[in-house]
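Here is a short report for a reader new to this structure. Look at the sheet first, then at the helices.

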Amino acid sequence: MLLLALACAPEAPADRPPNVILIAMDTVRWDATTPGGAEGATPNLEAFAALPGATTYTRAWAAAAWSLPSYVSVFTGQSVRAHQVGFSLDSLPPGQPTLAEMLGAYGYTSAGWSSGPHLAPDTGVGRGFDRWNHQVEFTSMAGFVEPALAWATEQEDPFLLFVQGYDAHMPYSAPSAVAEHFDHPDNARPDLACAGRRNATCPSNVKLAKARGGPGQSTIDPREVEHYQSHYKAAVYTSDHQLGRMLYGLDQRGLLNDSVVVVFSDHGELVGDERIGDSVFHVPLVVRIPTDAPPTRSDGLVSLTDLLPSLAGELGLVAPAGIDGVPLADRDVLIAAAVTTWCVRDEDWELEVPRNDPDNPVLRVPGTTVPIEDRPDEVAELAAHLEGWPLLVQAGEEQVRHGPDNPQLREALREGGYWAPPPEEEP
């Protein structure tokens, strides 16, 4: 375990813009972290949040329930409904500006280290980066720390650095000593060997799906659910360890205090929960700027789509026009998308609308389901923000069936306002 111990943070030299460093703890939910209330779960994130210049956003929401659309929203400042990647599109359309392209226009060099199919080069997630180092398999951040630090040390110009790792992603492959620390010896120990792979018939995948709130959850031995939850906690702890290595390396190389550093997760996890909502969309977000101001906590609603315009504002740059994100500040409403569910959240309420049964939404005060007939005004007000989203997913289903060039898909997109033909094409 590596803990930061900085007493102060001098401002970056005025003649050189600060670097921008994004560190993604993939699949880490907010309440699984120490700042989110899980004592001792993420000591390095806790130490980072306590540094001068750090702001912890306690109510940050991801834009989507899985990696591809969520990271696209981070890098473009666009909502899922705007960029459509992961729903009706498989990759980022040409012409959509990205964070790397924006910073590159102002003289920044850039590099990213990532893994997993969701961040493959053909998705467009890495567009604009000078270097996009990608591994196909889900990989720990462990192997990325040293090469990323070495690259950062060599840069003479201000840089953008992105480092991501799947340490907290299934199959929760934390070192055995860490896993045993979090797991009780009396818990059932089903085989996790094939968990997280694409084989849906894998026994541990079936049990994990149930432990994550799938059908038949009540038939699972509670010890098995606790077993999966303990492995997730161990995986989060491992992810935090890699975060500590990264932050410690930046500090030792004199780069930490010359950089805007953002630590976040792209989405959470549903281990044992019945509803999506906060479990999947409520994520850690800590932003630290080069200043000696005391650390703060912000309790307003914010979205990860707000990162791009916020970074632009902090650096004195012009953000791309027409984006959905706004500088990090209190939002009245947040919207996020999953394959099965749309979610909209305001200051007090959370509405989940199943895509296959939109007339039967679920209203919740976080942690408690409320009968929708008891709060018709709240349901109507929240549901109004989701107009157009069902068509978006229908368009995605059309693409799966017919391919992206199918006329039926294009017509659905056109009617929903999501696509217009190029000038040379017939309307």
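## The five-stranded sheet

Five strands form an open sheet with antiparallel pairing, in the order β10-β11-β12-β13-β14. Strands are DSSP runs of E with at least two residues, helices are runs of H or I with at least four, and both are numbered from the N terminus. Two strands pair if DSSP finds at least two bridges between them. β10 (334-337) and β14 (368-370) stand at the edges with a single partner strand each, so one side of each lacks a neighbour in the sheet. On average, neighbouring strands are turned by 25° against each other, direction ignored.

β12 (residues 350-354) and β13 (residues 362-365) pair in the antiparallel sense over three bridges. E350 has R364 in β13 as its bridge partner.

## The model

This is a predicted model: local features need pLDDT of at least 70, side-chain atom pairs count only at pLDDT 80 or more, and totals for chains, interfaces and linings use all residues. Residues are numbered from 1 along each chain as its sequence is written, and side-chain values use heavy atoms, with hydrogens and water left out.

Which residues of helix α5 (residues 142-154) are buried? They are F144, V145, A148, L149, W151 and A152. Buried means under 20% relative accessible area, exposed over 50%, and partly exposed in between (1.4 Å probe, protein chains only). These residues cover an arc of only 165° around the axis, which puts them on the same side of α5. The arc is that of the directions from the helix axis to the C-beta atoms.

Helix α2 (residues 67-76) is mostly covered: ten of its ten residues are buried. Among them are Y71 and F75. G77 follows α2 and has a positive phi, near 75°.

Notes:
Axes are lines fitted to C-alpha atoms, for helices over the stretch in contact, and angles run from 0 to 180 degrees between N-to-C directions.
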